[in-house]
Every structure is written in C-alpha cells, then in structure tokens.
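Below are my notes on the model, as numbered points.

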Amino acid sequence: MKKILITGASGFIGSFIVEKALELGYDTYAGIRKSSSKKYLTDKRIHFIDLDFSDKISLKKQLSEYKFDYIVHAAGLTKAQQKNDFEIVNFKATQNLIEALKETAAIPEKFIFVSSMAAHGPGNDNDIIPVKCSDQPHPDTLYGISKLNAEKYINSLKKFPVITLRPTGVYGPREKDYFVFFKTINSGIEPYIGLQEQYLTFIYVRDFVDVIFKAISSPIIGKTYFVSDGKAYTAHEFANITKKILNKKTFKLCVPLAIVKLIAATMETVNGWFGKVPTLNRDKYNVLKARNWLCDISDLEKDFNFKAKYYLEDGVKEAIEWYKKEKWL
Ligand SMILES: NC(=O)c1ccc[n+]([C@@H]2O[C@H](COP(=O)([O-])OP(=O)(O)OC[C@H]3O[C@@H](n4cnc5c(N)ncnc54)[C@H](OP(=O)(O)O)[C@@H]3O)[C@@H](O)[C@H]2O)c1
C-alpha cells in the first residue's frame with residue numbers, strides 16, 4: 001500500500017484530497033497542526049501527523065521515519081494578517097519541507113506542489129487572452145509573489161520529482177470565500193466589482209483533486225500546469241448561474257473599484273484590531289480588480305487527458321446543495 005502525505009489536510013482542498021486518497025486505497029497521512037480542526041477528517045483510516053514547517057529538525061525526524069511514497073503539499077496561506085506571513089508559510093515552509101526531504105534522503109516518488117494561478121497573476125485586461133505557463137509571471141498580490149517564490153525555488157532543484165499545479169478559483173462544499181458571494185446573491189444583492197466585465201475561470205474541488213491524482217500517477221515530472229475547467233465565464237454568467245440555482249431575483253449593485261479599495265482597506269484595518277483577516281482585504285482587492293483571469297489548460301488536457309466532470313453550473317449546484325444541507329444558506 002503506497003503511503004501518501006497530504007499537508008494542509010484540515011483545509012478546504014486538503015480535506016477533499018484526503019477523502020480521495022482513502023477512496024483510491026492509499027495509506028493516508030493527514031499533515032495538520034496541533035491547532036487544526038479535524039471536522040472533515042473523521043475517517044478512522046486517517047493517520048495524523050503534526051507538522052511544524054518552521055522546525056526542520058523535527059521535520060527531518062518525521063520524514064525519515066515515515067518515508068512517504070507521495071506528498072501533496074497543499075498547506076498554504078491565502079489571507080494573512082502580517083505581510084511577511086505569506087512568505088513564511090507559502091515559500092519558507094515549502095523550502096523547509098523539501099530541504100528536510102533531501103537531507104534525509106526521503107524524497108518521495110512524486111511531490112505535488114499546490115501553487116495558484118496567482119503565482120502567475122492575471123492576464124492582460126485589454127486583449128482578454130488566456131495566460132500560458134510559458135508566459136512571464138507577474139503576480140500582483142503578496143500571496144501570488146510568495147507562491148511564485150516557492151515555484152522558483154522548486155524549479156531550481158535538480159532531479160526533484162515535482163509537478164506544480166496552479167489552480168484558478170477552487171470552489172465547492174466547505175469553501176468559505178465564494179460562499180460569501182453565494183450568500184450575497186441569496187440575500188437578493190448581485191454584486192459587481194468595477195464597471196468593466198470580468199472574465200473568470202473556475203475548477204470544482206473534486207475535479208481539482210482528480211488532477212492531483214492524475215499528476216501523481218503520471219510519469220511526467222518538472223512541469224507546471226494551470227488548472228481550470230477549461231471554460232471562460234463572465235462575472236455576469238457566474239451571477240446568473242447562482243441566481244438560477246438559488247431561484248432568486250436580485251438587485252444589481254455595481255461598486256466602483258475606488259470604493260471597493262476603500263472598503264477592503266477599512267475591513268482589513270478593523271478586522272486586524274480583533275486579530276482577524278476579512279475575505280475582502282487589500283491583497284484580495286488586487287485579485288478582484290483584474291478583468292482577465294483566463295488561463296490555458298491545453299497542456300493539462302494533453303498530458304493528463306483531463307476533461308472536467310463539473311462545469312460551473314453543475315459545481316455550483318452541488319456546492320449550494322451542500323451549503324443548504326449544512327444550514328450555511
Ligand atoms: N481555494 C482556492 O481557490 C485556491 C486557489 C488556488 C490555490 N489554492 C491553494 O490551495 C491550498 C489549499 O487552499 P484552501 O483553499 O484549502 O485553503 P484553507 O482552507 O485555508 O486551507 C489551508 C490549509 O493550510 C494549512 N496551513 C496554513 N498555514 C499553515 C502553517 N503555518 N503551517 C501548517 N499548515 C498551515 C491550514 O491549516 P489549519 O487548518 O491549521 O489552519 C489548512 O489546512 C493552498 O496552498 C492555496 O494557496 C487555493
């Protein structure tokens with residue numbers, strides 16, 4: 001039985017990776033922290049391993065003891081109170097984990113690094129052409145810069161069996177940020193940020209997890225892939241799909257970018273007083289203001305024979321059913 005470690009197992013995406021690993025018959029280790037919630041990690045077959053990425057000595061001890069066949073590194077910080085936290089978690093922790101693997105000769109058969117489309121940054125607002133992995137990255141958020149720094153470190157390694165995945169917006173049950181949008185539509189408000197149309201891409205969490213396991217079993221190493229369902233959606237299409245599924249009539253509210261920026265800065269400051277990071281913050285503002293989040297997934301389709309099982313309408317429907325069942329909506 002092949003042994004797999006999933007870091008960030010307590011998170012939205014990590015918890016789905018753990019479920020799939022169990023379903024596929026892997027000996028599954030959930031990498032968590034002492035403070036992590038186990039709400040979605042209740043299967044008795046899961047082994048837990050407390051990982052402190054800042055403590056290389058204990059990391060080395062743990063990794064050399066377990067000798068994982070595969071590692072999916074999904075731990076990451078998408079919102080941070082201190083700017084430096086992005087670098088510490090998304091870059092430095094990744095570097096420490098890989099150095100610990102190398103120094104103990106515990107390099108797995110395959111290491112999947114869950115990066116983000118944010119590491120590349122959005123495409124050009126004028127031509128709305130999908131970005132390609134061969135394009136020069138230009139991240140415009142601290143989050144994206146920290147992911148790109150981790151990618152650069154990974155790409156500098158020789159003979160390290162890695163595949164880097166750059167998912168676009170991942171959505172599905174348990175997710176908390178797109179949920180804010182669903183909740184807003186459910187309340188009868190249809191929010192738009194900026195006055196120009198926004199072009200978006202998505203990947204349903206179950207499809208993203210399938211890509212991870214295709215990457216694990218593929219002989220390919222050393223490549224980076226954007227991951228989306230392959231379609232382009234406008235912000236209006238996203239809202240229309242959500243309204244249809246929720247069966248809601250809404251009032252359209254177009255908020256100019258300058259006001260969104262002000263709200264983001266205010267929310268970040270006020271939440272900061274209470275030690276919290278709001279969904280809308282300065283870094284997120286840069287994501288929301290970009291008009292072109294299209295990415296090219298032709299390599300993913302070619303190398304992994306990938307075809308999404310869920311397009312936006314099917315995924316949003318399943319997610320909303322879950323939010324309703326769990327009384328989030
Ligand atoms: N959701 C998306 O749309 C999206 C898109 C592109 C890429 N990604 C990437 O996908 C990965 C998972 O994201 P997610 O949406 O599932 O986020 P999430 O729900 O916030 O989960 C993040 C996970 O990382 C762990 N983590 C955070 N800081 C850590 C630290 N200092 N040490 C150890 N573990 C730490 C968290 O542990 P605790 O539970 O203990 O906090 C949690 O398990 C991240 O790398 C993210 O950058 C997500």
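1. By class, the shell around the ligand divides into eleven nonpolar, eleven polar and one charged residues. The model is a predicted one. In total, 23 residues surround the ligand, and the closest of them are Gly8, Gly11, Ser36, Gly76 and Ser116.

2. Three elements each supply at least two residues of this shell: helix H1 (12-23), helix H3 (83-103) and strand E7 (169-171). H1 gives the largest share, three residues.

3. The largest nonpolar core holds 83 residues, and those touching the most other members are Ile6, Ile17, Val72, Ile112 and Ile212. Helix H6 (residues 205-217) provides the largest share of this core, eight residues. With neighbours within four places in sequence left aside, Ile212 is in contact with Ile17, Val72, Ile112 and Leu165.

4. Helix H8 runs over residues 257-273, 17 residues in all. From first C-alpha to last, H8 reaches 25 Å, close to the 24 Å expected at 1.5 Å a residue. Gly275 follows H8 and has a positive phi, near 70 degrees.

5. Helix H9 (residues 282-289) has Asp283, Lys284, Tyr285 and Asn286 buried. The cover over the buried residues of H9 includes helix H4 (142-155) and H8.

6. Ala290 lies in the loop between H9 and helix H10 (298-304). Why does Ala290 count as partly exposed? Ala290 has 19 C-beta neighbours inside 10 Å, whereas a buried residue needs 20 or more, so Ala290 falls in the partly exposed class. Leaving aside neighbours within four places in sequence, Ala290 is in contact with Pro122 and Asp125. Asn124 is 166 residues from Ala290 in sequence, yet their C-alpha atoms are 8.6 Å apart in space.

7. For the chain as a whole, the secondary structure comes to eleven helices and 13 strands. The radius of gyration is 19 Å, close to the 20 Å that the globule rule gives for 329 residues, so the chain is as compact as a globular protein of that length. The C-alpha trace spans about 60 × 45 × 40 Å along its principal axes.

8. Of the 329 residues of the chain, 42% count as buried. Among contacts with a separation of 6 or more, 79% are between residues 24 or more positions apart.

Terms used: Residues numbered from 1 in each chain as written. Predicted model: local features only at pLDDT ≥ 70, side-chain atom pairs only at ≥ 80, totals over all residues. Near = placed C-beta within 6 Å. Helix = DSSP H or I, 4+ residues; strand = E, 2+ residues; numbered from the N terminus. Nonpolar A, V, L, I, M, F, W, Y, C, P; charged D, E, K, R; others polar. Expected span 1.5 Å × (residues − 1). Buried ≥ 20, exposed ≤ 12 C-beta atoms within 10 Å, placed from the backbone. Contact = placed C-beta atoms within 7 Å. Core = buried A, V, L, I, M, F, W, Y, C linked by C-beta atoms within 7 Å. Rg over C-alpha atoms; globule rule 2.2 N^0.38 Å.
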